[in-house]
Amino acid sequence: MSAADGDRLASWLEGLGLADHLAEAGLPTFSRDDEGRAVWTEPDRIDELDRLLRSEGSEPEHAVPVGLLLIARQARLRAALLETPWFTYETLAELRGASVDATRYAVHKAEQTHRLVVVPVEGRALVPAFQLTAEGEIRPDVAPLLEPLLAAGMDPWRAWAWLTQPAALTLGRAPEEAVTDPEMTELVLHAAVRLAERQRR
């Protein structure tokens, strides 16, 4: 593939918002040089990449692998989740008025008993705030939702997303919010158990 073709492929991926997700999909990546030209990490794989990207769909010249789109969607969702409130051990310790060591121990214990979502991000452990009270303690209404999901081995990012995103099942409310409505509590708990069962299959 010529340099011009490599540039066109790079521009196409940038236009689709997929350029930043190539590495996560195990595909060749590129950067731009001082003159704006695409410099590929594996130039000998560009033809293969081009064929792969255009190999699916009813119009192959416009197709993009579904897997790459899913990776991009997951990255956008994670970025959105990280814009919502969360704690580190230090900030949670401050809220609780406890030591960092005591807080770390309590968080680990709650995570091991599947009562708290803890998300690893760049070497840090983040505790999403939705599952905590204003005092930084575990919400007693959310813990029963977390237990089946986390015990089933659900990825903590997915659990965070499922609990905090509006859902049709809960009439457009997030499950962590709907569970506080006495008329919806059983429905939400049942949904969490069913989701956990599907996770185990």
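Which exposed residues does the face of helix 9 turned away from its buried side carry? In this predicted model, that face carries Glu186 and Arg200.

Helix 9 covers residues 185–200, 16 residues in total. The distance from its first C-alpha to its last is 23 Å, close to the 22 Å expected at 1.5 Å a residue. Its buried residues are Val188, Ala191, Ala192, Leu195 and Ala196. They lie on the same side of helix 9 because they cover an arc of only 135 degrees around the axis. These buried residues pack against helix 6 (143–151), helix 7 (156–164) and helix 8 (175–178).

Helix 9 also contributes to the largest nonpolar core, which has 25 residues. Two or more residues of this core come from each of strand 4 (119–121), helix 6, helix 7 and helix 9. Helix 7 gives the largest share, five residues. Within the core, the residues with the most contacts are Val117, Leu149 and Trp160. Leaving aside neighbours within four places in sequence, Trp160 is in contact with Leu81, Leu82, Thr84, Trp86, Val117, Val119, Pro128 and Phe130.

Another site to look at is in helix 5 (residues 100–112), where Thr103 lies. Is Thr103 buried or exposed? Its relative accessible area is 1%, so Thr103 is buried. A polar atom of the Thr103 side chain lies 2.9 Å from the backbone oxygen of Ser99. Beyond its neighbours within four places in sequence, Thr103 is in contact with Tyr89, Leu92, Ala93, Arg96 and Ala98.

Methods. Residues numbered from 1 in each chain as written. Predicted model: local features only at pLDDT ≥ 70, side-chain atom pairs only at ≥ 80, totals over all residues. Heavy atoms only, no water. Helix = DSSP H or I, 4+ residues; strand = E, 2+ residues; numbered from the N terminus. Expected span 1.5 Å × (residues − 1). Buried < 20%, exposed > 50% of the residue type's maximum accessible area, 1.4 Å probe, protein only. Arc of directions from axis to C-beta. Contact = heavy atoms within 4.5 Å. Core = buried A, V, L, I, M, F, W, Y, C linked by side-chain atoms within 4.5 Å. Polar contact = N/O pair within 3.5 Å; in protein donor to acceptor, adjacent residues only side chain to side chain.
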